[in-house]
Each structure stands twice: as structure tokens, then as C-alpha cells.
Amino acid sequence: MIHQTLKPFPKDFLWGASTSAYQVEGASLEDGKGPSFQDTKELPPGTADLTVSVDHYHRYKEDIALMAEMGFKAYRFSISWSRVLPEGIGKVNPKGIEFYNNLIDECLKYDIEPIITMFHFDMPAALEEKGSWSNAESSEWFKEFAQVLFENYGDRVKYWLTINEQNMMTLVGQLIGTLRVPEATTNLTKEIYQQNHHQLVAQAKAMQLCHEMLPQAKIGPAPNIALAYPNGNRPEDIIAEQNANAIRNWLYLDMAVYGRYNNLVWAYLEAKDATPTFAPGDAEVLKAAKPDFIAFNYYTSFTVEASDGSEQIDDKFADQQSAMSEPGYYRSVQNQNLKKTEFGWEIDPVGFRATMRALYDRYQLPLLVTENGIGAYDELTADGKVHDPYRIVYLREHIAQIQKAISDGVEMLGYNPWSAIDLISTHEGIKKRYGFIYVDRDEFDLKTLKRYRKDSFYWYKKVIATNGQDLSDQF
């Protein structure tokens, strides 16, 4: 579809960027915060711990002022569960409540809309000890947490996200460090998808509670979506593509929107003796939860072909974006039409448009981009500059595809790329930088933690000021 004239971005489009609590805040055990899984996990070799991160906890006013200078209309961040509820349930930490009150108010001072992610890979350590998401009570733990958030921040926060990248916690939880497997587990697939089921129920309970307590607010899921392509035109590859999209993408959104398991995924789980057990009331709760929009993280697409199940596939180094295969269902292959980032992720701006079209066609709900970006080895020059033309190119090409999707009739709420400021990447540390703002620290040397505006900072400021109409390289 080629448009002679493109529709403009909506006047109230939520331009901004994203972070998560454990990756930026630091102050990991300060002011009454309890440890989270991120504080107690075994770190990937050669990566920074999260004691200080980039010290957003103490420098949030400076950071929000820089976001305001860029012209942000929104800031998507997460709330640390264990900062608010040190034990995960029970006693509330007043200092934790105060910090997020201050952070929200600082955003609003500059007319920046706070978009809050409720859970971003940081289960309280006290709940980890109780089994984390393997415990059927976890959905009630999450509901209690949600109630605390809605009671304290619901008067000012209009947009809520439930669980960040639940599909990645299910598919690559072992790699990103979020999966806890009980010792008695004999069927790992069944255990993983039972935990996923508990998360789905938790999300549904939070959505229902949000609509009851905050009728003017909006809430939605936030999966990581990578649209699967068939590798060629063989009919068998089309079946593989359908399998891949169902297992990686549609399971999570079919449940969030329609309250039912995707049929292809259910057949896959039946074949592996891995269908989840429903507790009394689960089916009703899942049906009753109705998201108001779909938030999603997009970095790339992926390409698959048919698998007869006989090949030996080693995916132990797969991450959120790299190839993942499922013998007998699909096999991931490299897409020769796409370039890659320094970290091996394929770059596919047109796939971004295809993803938005597919999501809107399937679910007919407004879409909010909550992550998109390029990780790179940024360098600070002697005169305090960071020249990142590769980031400008990446973002420009993806933003252009949003406007094309809008012209296709897709309802888009906003664009919040990853990340507002440099942060500690989940398993690759500070060396993999995404931010518009450079933070002066290395993996094991905190240096000054001083903030520097990258070239992309000035470029994005211009994009926002023109509501996406000027995407030229000039800034």
C-alpha cells in the first residue's frame, strides 16, 4: 500500500521514551527497599551490578528536566515492587511510596504523562523464596501490589502497563534470569507455562481492579512482539510462520483481549503434556479482563521455515530478539534481506509497520509503542559529545513507518523508545547503550555519573517539536 499523502501524527501523540526501575534507579537497598530478584541473582559475567545503576533514584529531577528539554509528552517507567512492598505483600514502605509520588509529580510539573509499568522483571526476593510465579498465590500477590499502586498514584496516572514482556519471561526466562524452577520439576515446559498462566491471571485481576478503582484510567499488556515471516513460499513454511506467531506473540494477546488460549498454542501444549491447570475462578477472571489498549515492545522481526523435528537446535544463547526455534513446529533462519546491529539483532523498520498492521487488524485496540531502539557501543569524546548517527538513522526509519501505519488506519497512541537514558542492560551491562542521554560510568567504574546529551537527544527534540514531520538528519 503506497500512500500519495501520509496522515499526520495525532496532535496528542505521546512522544517520549522508556526505562525500568532496576535498570536505572540504583539505591538498591536504600530507604526501606527490600531486595528484588535483580539484587540477589547471579550476574552475567563481566556486567555491572545494580547497586547504583545510573542513580536515577537520587538524580530523577535532573533526568526529568533533561526529558522535558527534549520535549517529552510521556515517560514510561516501572515501579519497583520491593521498594513499595519490601516483602512483596503486607507492610507498605512509606519512603518507597514517597519516591514515586515525587517522580510522578516531577513529570507532571513539565506536562509529561507518566506511563507506569507495574512489573518489569523484578520479583521481590521474599516472594522468590515462596516460589515466585510458580506459586498459585502469585496472582493475589500481584493484585495486592496493584491495589497499593492504584490507591497511591491513581489520581494522577492515566496509563498503566501490567507485565513487561511476559512472553520473553516464558520463552527465554532462563537466559534473562527471570525463571525460577522448583526442584521437583519433571516437565519443564509444563512448569513454565503454568507460571505463565499465573501471570495471565495476575494481569487479568489487575485489569479488573484498575477498571473498578480508576474508571478514567486505561490499562493494557506490554509484550515483546516480533512478527514471524515464512522463509519463502512453501506451504509448509506458512504453517511454520503461523506456529511461530502463535507461540511467540498471539498466545499472550489473545488471552489479554479475548480471555482464551490460542488454539495453536493449546495444541502445542497438549502435545507436550504441558497444558496449565486452571484454579477455580481463573476462566471467569480471564474472560472479564478487558484491556483498553495494547502496549508493545518492538526491535525486530524474525524468519522461520518448516521443521520436521529431527534437527538438533541449540538456542541456549538466544535472547529476546535472536532466533528461537521449536523442533517440529518451526525453525528460525537468518533473513538475508536485513542488516544487523553490533549485537547481532536484525534491523527491520518495514517489519515494524507490518507488526502494527497485524496487531490492529487482529485486536482493534489502540497501540502504544513502549520500546524500540538500538543498543550500541557509544563513545564520549574528549569535548563531551556523543555522536550516534546510527541511532538517528534507526529511529528515523522506524518513526517513518509509524506514520505509514497511521495512514493505513492503525490507531497509534504514542512512541516511547528504549531508552530515555543509558541504563544497565538485562544481560549485557552498561556497555550496551540505548539512551538519548549518556551516563559517564563503565561496567565497574562509576566515574562521575554525569549526564551528557547525545546527538540523538537534539535530533529527537526536533522530531517531537515538529510532531514527527521533520525526520531529516539536521538538528
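In the predicted model, the count of salt bridges comes to 27. Side chains of opposite charge can pair when their charged atoms come close. Several of these pairs are described individually below.

The side chains of E326 and K272 form a salt bridge in which the closest N and O atoms lie 3.4 Å apart. This pair links distant parts of the chain, since E326 sits in the loop between β8 and β9, whereas K272 sits in the loop between α12 (263–271) and α13 (282–288), 54 residues apart. E326 is buried, with a relative accessible area of 16%, a value that falls under the 20% limit for that class. K272, at 29% relative accessibility, counts as partly exposed.

A second salt bridge joins R260 to D254, with an N to O distance of 3.9 Å; this value is within the 4 Å limit applied to such pairs. D254 is buried, its relative accessible area being 0%, while R260 is partly exposed at 39%.

With regard to cysteines, a disulfide is a covalent bond between the sulfur atoms of two cysteines. The count of disulfides in the model is zero. The cysteine sulfur closest to that of C107 belongs to C210 and is 18 Å away, which is too far for a bond; the cut-off for a disulfide is 2.5 Å between sulfur atoms. C210 is likewise in no disulfide, its nearest cysteine sulfur being that of C107 at 18 Å. C107 is buried, with a relative accessible area of 0%, and C210 is buried with a relative accessible area of 0%.

Strands of a sheet pair through backbone hydrogen bonds, either parallel or antiparallel.

Another open sheet contains three strands in the order β6-β8-β9, and its pairing is mixed. The edge positions are taken by β6 (228–230) and β9 (331–333), each pairing on one side only. Neighbouring strands of this sheet are turned against each other by 45 degrees on average, with direction ignored. Strand β8 (residues 302–305) runs antiparallel to β9 and is joined to β9 by three bridges. T303 has V333 of β9 as its bridge partner.

Among the helices, α11 (residues 235–258) packs against α12 at an angle of about 100 degrees, and the two axes are 8 Å apart. The two helices, α11 and α12, are therefore roughly perpendicular to each other, as the range for that class runs from 65 to 115 degrees. On the α11 side, the contact is made by Q242, N243, A246, I247 and L251, and on the α12 side by L264, V265 and Y268.

Helix α14 (residues 349–363) contains F352. This phenylalanine, F352, is buried, with a relative accessible area of 0%. Leaving aside residues up to four places away in sequence, F352 touches F296, Y298, V369, N372, H398, Q401, I402 and Y415. F352 and Y299 are separated by 53 residues in sequence, and their C-alpha atoms are 8.0 Å apart in space.

Definitions and conventions:
Residues are numbered from 1 along each chain as its sequence is written. This is a predicted model: local features need pLDDT of at least 70, side-chain atom pairs count only at pLDDT 80 or more; totals for chains, interfaces and linings use all residues. Side-chain values use heavy atoms; hydrogens and water are left out. Two strands pair if DSSP finds at least two bridges between them. Helices (H or I, at least four residues) and strands (E, at least two) are DSSP runs, numbered from the N terminus. Axes are lines fitted to C-alpha atoms, for helices over the stretch in contact, and angles run from 0 to 180 degrees between N-to-C directions. Buried means under 20% relative accessible area, exposed over 50%, partly exposed in between (1.4 Å probe, protein chains only). Angles under 35 degrees count as roughly parallel, over 145 as roughly antiparallel, 65 to 115 as roughly perpendicular and the rest as oblique. Contact means heavy atoms within 4.5 Å.
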